[in-house]
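Biologist: I am new to this structure. Can you show me how to read it, one feature at a time?

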Amino acid sequence: MNQIDDPASGANGPDCKASAIVPMEEMYEQWFLEYASYVILERAVPAIEDGLKPVQRRILHAMQLIDDGRYNKVANIVGQTMQYHPHGDASITEAIVAIGQKELLIDTQGNWGDLRTGDSAAAARYIEARLAPFGKEILYSPKITTWQLSYDGRKKEPRTLPVKFPLLLAQGVEGIAVGLATKILPHNFIELVEAAIDLLKGKPVQLFPDFPTGGLADCTHYNEGKRGGKVRVRARIVIQDQQTLVITEIPYGTTTTSLIDSILKVHEKGKIKIKNVVDNTAENIAILIHLLPGQLPETVIDALYLFTDCEVSYAPNACVIQDEKPVFVTVQELLSYAVAHTTALLEQELLLEQQALKEQLFFANLEKIFIENRIYREIEGCKTWDDLLMTIADHLKPYDFYRPIATEDLVRLTEIKIKRISQYDSLRAQETLTQLQTHLARTTHHLAHLKDYTIAWYSGLLQKYGKGRARKTILTSFDPIELHDVMVKQYKLYVNRKQGFIGYGLKGEECVEACSDIDDVLVIGKDGKYIITKIADKLFVGKDIIYVSVYDKKDTRRCYNLIYVDGATGIAFVKQFQILGITRDKRYDLTLGTPGSRVVYLSAHSSGAAETVTILLSPISRTAKKKFEFNFANLAIKGRTAKGNILTKHAIYKVQRKSQDRSTLAKIELWYDPTTGQMAPQGSGQLLGVFGPTDKILVVFKEGYYLVAAFPFQIAADPIALIEPLRATHLLSVVYYNCVAQNYFVKRFIVDAQILDQRYNLFLSESDNCILQLVTSSATPTLQLHYLAGPTGNDKRSIIYDLEKVVIKTIKAKGTLLSKYKITAVDLWHA
């Protein structure tokens, strides 16, 4: 309890008033609520009317008061703002810099920092700012502004600015209050204006964020900016060559420095392997990532998105102050409110303009009648002021006006100077009246058609200020990235088969294969039991290990050939199976599970290939035929729980592998995605065809070489010019530009399908400076040549060139010159 002393009765005296004792809980509750309300309403959360926090509103108000069209030092603006803002100059300076970096409301001069690199702005005394024309047009209208006293009561400040634009959505905002936060992402200027116009026309609208740093954004779960939504933003990464990646745009909220730091951190942890990172950012962002030899750029890009700040996520939370309390809204609701608010403000301005025009027209008529009818001469004989005003009023009675004539109007007529009366021009006065009437009619028309006027207002903003404000962020959807696909295999899997240990810390033991620290491992024991478990530094999995490998749950084509002996009957069974669905750390039986069962032969094949084995029976077995062959291709592929077929009832001495045959798996469809350069059974892009283990594929690369690969295909990640199934006789027609001869050549040859995975250079040698223009496997290809001819050599002409007349030679031939004229372009002709 907190006790308040009563001076009259003495501290802690028996006469202390009960009302003076205040519970501590009540004190803290009151103080906390007051503080929380102050932070929410006066610091962290913007008002829905103008989209500004109090400090931003006070800055813009102060800038308007001192605006003369020239730049003012930010230190001076800070000083002016401190008359209205009760906090220090540091917070004001920070808020001004944030407004200036958005390049919307104020023009800046000097070093204002860089959002991309994180460089801070120079000191307030070195940088300058002034209101931008756009800011002046949408922010201010003193006659319709609601005013309030500043914190010390000395000045008047706007309660909210009459903003005629969805400023909150354009700039975005982030604020943390007590028990409350707001995060509204920035949107594109042009899209906001167009959406506002569509809304006024009754059309549906949909808004997505646009970030000043560009990049790629997945707004699938944006949820209109409501709580619970999510936006994923990625850097734009370009493959410069097979050893270099270039980051040209970064995610919103990151900087080049923080991005590079995140890359280096995961590199140190071994999650990605790179040679180095170089920051060449100047006018444009250019972060170069040099790769190690043998790395696939696409895999490294996926790893960068998965482990570094090359991908960040934002959780929008649109919270604003409305009617002195925080409310949660959607971006569509914010836009609707802004459009309705803009319409109401424009209506108020038109009403004020209409009233002003009526008053101007009213007095112009009074003045015209007063001077042209020489009423001023009638007042010469008046002896008193009241008689004078009465005389003027009597002479004006025959005329009709839109409102009664007041005394102030009569007084104003008496204040017309003799010089104006003597130089009064009736024709000019009538022109002025006509102009005022036209202006008034136009204003009245705008009021009668307020929606059309608001649409014209937004269209004018778009025309005047929309240049250079195109969308910077590309909207797309991101494919999921599997952790196992991008994880660097930085460890080696070792096994001690006899003692039953596996792990990447068993150095000195048998090395199985490369692995990562998140891989699962499949272990099969001699007793026919298997387990799939997460890899560790050292792990006991059971003695007498006969098979161990890294397990890939997505590998649906790996098959296992197994021969085992049942412990109860001694009968040998044979089966071909796959291991697909599993539960980690659970032991499964490949045999019938009887005690004493054992595996006598096991092999695994990634392509599902079957094989032929030779079975040697025990010399003491009671059969004349102690050696025979078995082909696994005669078995159907089943699940791991299948019993299998009886191989023999006699004791087996040894099993030897004789040969590997064709795959027993069905053929699959393969798709090639030119954007990612990957082939997959299910995907998008170009359907290559249906492939099996004996099929081959032809790949021609833009760098000027081709190769033939067998299924399953493992091809380089270089840019591809042509990819298709290999035919028995595959004829290629190649057009290339020789930079030394400065002319185009064409040659035709038959692809050598005998040697697999060997690069064949399409030019004479790899040292030739040649550029591949096009390649086709069409049997009757036709080209369209565009060239320059004529006396001046500037006449543009085209010709159809039939390649069937070109002699088919070997790949080592130089080829035939396409034309003696200067060729500007070569295209395939499609009749």
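Modeller: Start with a term. Two strands pair if DSSP finds at least two bridges between them. Keep in mind that this is a predicted model. Now take strand 20 and strand 21 (residues 501-503): 3 bridges join them, and they run antiparallel. In strand 21, Ile 502 is the bridge partner of Val 495.

Biologist: What do strand 20 and strand 21 form, and how many residues lie between them?

Modeller: They form a hairpin, with 4 residues between the two strands. Look at Gly 500 in the turn: its phi is positive, about 85°.

Biologist: Which residue in strand 22 is the bridge partner of Val 495?

Modeller: Glu 510 is that partner. Strand 20 (residues 491-496) pairs with strand 22 (residues 510-515) over 5 bridges, in the antiparallel sense. So Val 495 has a bridge partner in strand 21 and another in strand 22, as the pairing rule lets us read from the bridges.

Biologist: And the side chains along a strand?

Modeller: In a regular strand they alternate between the two faces of the sheet.

Biologist: Where is another hairpin with a glycine in the turn?

Modeller: Go to strand 8 and strand 9, which form a hairpin with 4 residues between them. Gly 179 sits in that turn, with a positive phi of about 70°. Strand 8 (residues 173-176) and strand 9 (residues 181-184) run antiparallel and are joined by 4 bridges. Ile 176 has Ala 181 as its bridge partner in strand 9.

Biologist: In what order do the 4 strands of the open sheet lie?

Modeller: The order is 41-39-40-44, with antiparallel pairing. At the edges are strand 41 (720-725) and strand 44 (760-761), each pairing on one side only. Strand 40 (residues 705-710) pairs with strand 44 over 2 bridges, in the antiparallel sense. There, Tyr 705 stands opposite Asn 761 of strand 44.

Biologist: Now zoom out. Into which domains is the protein chain divided?

Modeller: The division gives domain 1 (42-163), domain 2 (237-311), domain 3 (343-456), domain 4 (490-551) and domain 5 (668-828). Consider domain 1 and domain 3. Their centres, taken over C-alpha atoms, are 40 Å apart. Their contact takes 5 residues from domain 1 and 4 residues from domain 3.

Biologist: How is the size of an interface given?

Modeller: Often as the accessible area lost when the parts come together. Domain 1 and domain 3 bury about 390 Å² between them, and 72% of that is on carbon and sulfur atoms. On the side of domain 1 that touches domain 3, the residues divide into 3 nonpolar, 1 polar and 1 charged.

Biologist: How many salt bridges and polar contacts cross the interface of domain 1 and domain 3?

Modeller: The rule finds 0 salt bridges there. It finds 1 residue pair in polar contact across that interface.

Biologist: How should I think about salt bridges in general?

Modeller: Side chains of opposite charge can pair when their charged atoms come close. A search of the whole structure finds 27 salt bridges. In one of them, Lys 464 pairs with Glu 137, and their closest N and O atoms are 2.7 Å apart. This pair links distant parts of the chain, 327 residues apart. Lys 464 is in helix 16 (residues 450-465), and Glu 137 is in helix 5 (residues 133-139).

Key:
Residues numbered from 1 in each chain as written. Predicted model: local features only at pLDDT ≥ 70, side-chain atom pairs only at ≥ 80, totals over all residues. Heavy atoms only, no water. Domains from an automatic or database assignment. Contact = heavy atoms within 4.5 Å. Buried area = accessible area lost by both parts, 1.4 Å probe. Salt bridge = Lys/Arg side-chain N within 4 Å of Asp/Glu carboxyl O. Polar contact = N/O pair within 3.5 Å; in protein donor to acceptor, adjacent residues only side chain to side chain. Nonpolar A, V, L, I, M, F, W, Y, C, P; charged D, E, K, R; others polar.
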